[in-house]
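Here are some notes to read with the model open in your viewer. Take the points one at a time and find each residue as you go.

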Amino acid sequence: MIVHLFEDQKFVDITIENFENVSVGLNKYIVFSNNQELKYVFRKEQTLILPNSSYKLDIDLIYKDCQLLIIHFLSPIKLYILKNKPPHIKVIWSVWGSDAYDHFSNQNFFEPLTNIVRRRSLLQRVKFSYLYALYHLVRYRVKPLRKELKILQSVNYVITVLPYEFNIIKKEFSLISKYI
């Protein structure tokens, strides 16, 4: 079974459609949401909606019959799931952009206008502090991604939107993953 992990986002339906076109019935689609009513996902009959909280999560349910885990956008709850992965399961991280770039140690690659907006954000200013790391650990049961790099070593494959992004992400996080 291929287990896909999503949040309630716009690209989930088309992703489900694409995977069902090539591997009908071999996929389990999990959407993390605090609401049973989803805003963007309309293929509700094909999805399992789970609470977006590691404290309410049934890890065994996620990994039941799982042979391949595909993480679509690496969020804190998915990092927690990855941290608790059984060793025999292969993992693909489908990078959507900010799930990687927001955690880069060097944040000086944005255009000038984007940098102005980011500097005004309180979250961006406290994000690299010890207090934020502590808050993140208590709230999600994992530290922020840049402090949990060891967990990323269990990712076997990485998919990026643009092919050249892979080497940038691989270098930043010292990944041993392969590009597909």
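1. Helices (H or I, at least four residues) and strands (E, at least two) are DSSP runs, numbered from the N terminus.

2. Some ground rules before we go on. This is a predicted model, where local features need pLDDT of at least 70 and side-chain atom pairs count only at pLDDT 80 or more, while totals for chains, interfaces and linings use all residues. Residues are numbered from 1 along each chain as its sequence is written, and side-chain values use heavy atoms, with hydrogens and water left out.

3. Now the overall picture. The chain has 9 helices and 7 strands, and its C-alpha trace spans about 45 × 35 × 30 Å along the principal axes. A compact globule of 180 residues would have a radius of gyration near 16 Å, and the chain agrees with that at 17 Å. That radius is taken over C-alpha atoms, and the globule rule is 2.2 Å times the number of residues to the power 0.38.

4. What share of the 180 residues is buried? The figure is 45%. Here buried means under 20% relative accessible area, exposed means over 50%, and partly exposed is in between (1.4 Å probe, protein chains only).

5. Contacts next, meaning heavy atoms within 4.5 Å. Take the contacts between residues at least 6 apart in sequence: 54% of them join residues at least 24 apart.

6. As background, an α-helix has 3.6 residues a turn, so residues three or four places apart point the same way.

7. Back to R141, which follows α7. Its phi is near 70°, a positive value in a residue other than glycine. Most residues other than glycine have a negative phi. At 29% relative accessibility, R141 counts as partly exposed. S174 also has a positive phi, near 50°. You'll find S174 in the loop between α9 (165-173) and β7, and S174 is exposed, with a relative accessible area of 52%.

8. Is H103 buried or exposed? H103 counts as buried, at 16% relative accessibility, and its place is the loop between α4 (98-101) and α5 (112-120). Leaving aside neighbours within four places in sequence, H103 is in contact with S98, L145, R146, E172 and F173. From H103 to P144 the C-alpha distance is 8.1 Å, although they are 41 residues apart in sequence.

9. T15, in helix α1 (residues 12-22), is buried too, at 13% relative accessibility. Beyond its neighbours within four places in sequence, T15 is in contact with F6 and H72.

10. Finish with I180, in the segment after β7 (178-179). I180 counts as partly exposed at 45% relative accessibility. Not counting residues up to four places away in sequence, I180 touches I92, Y157, V158 and I159.
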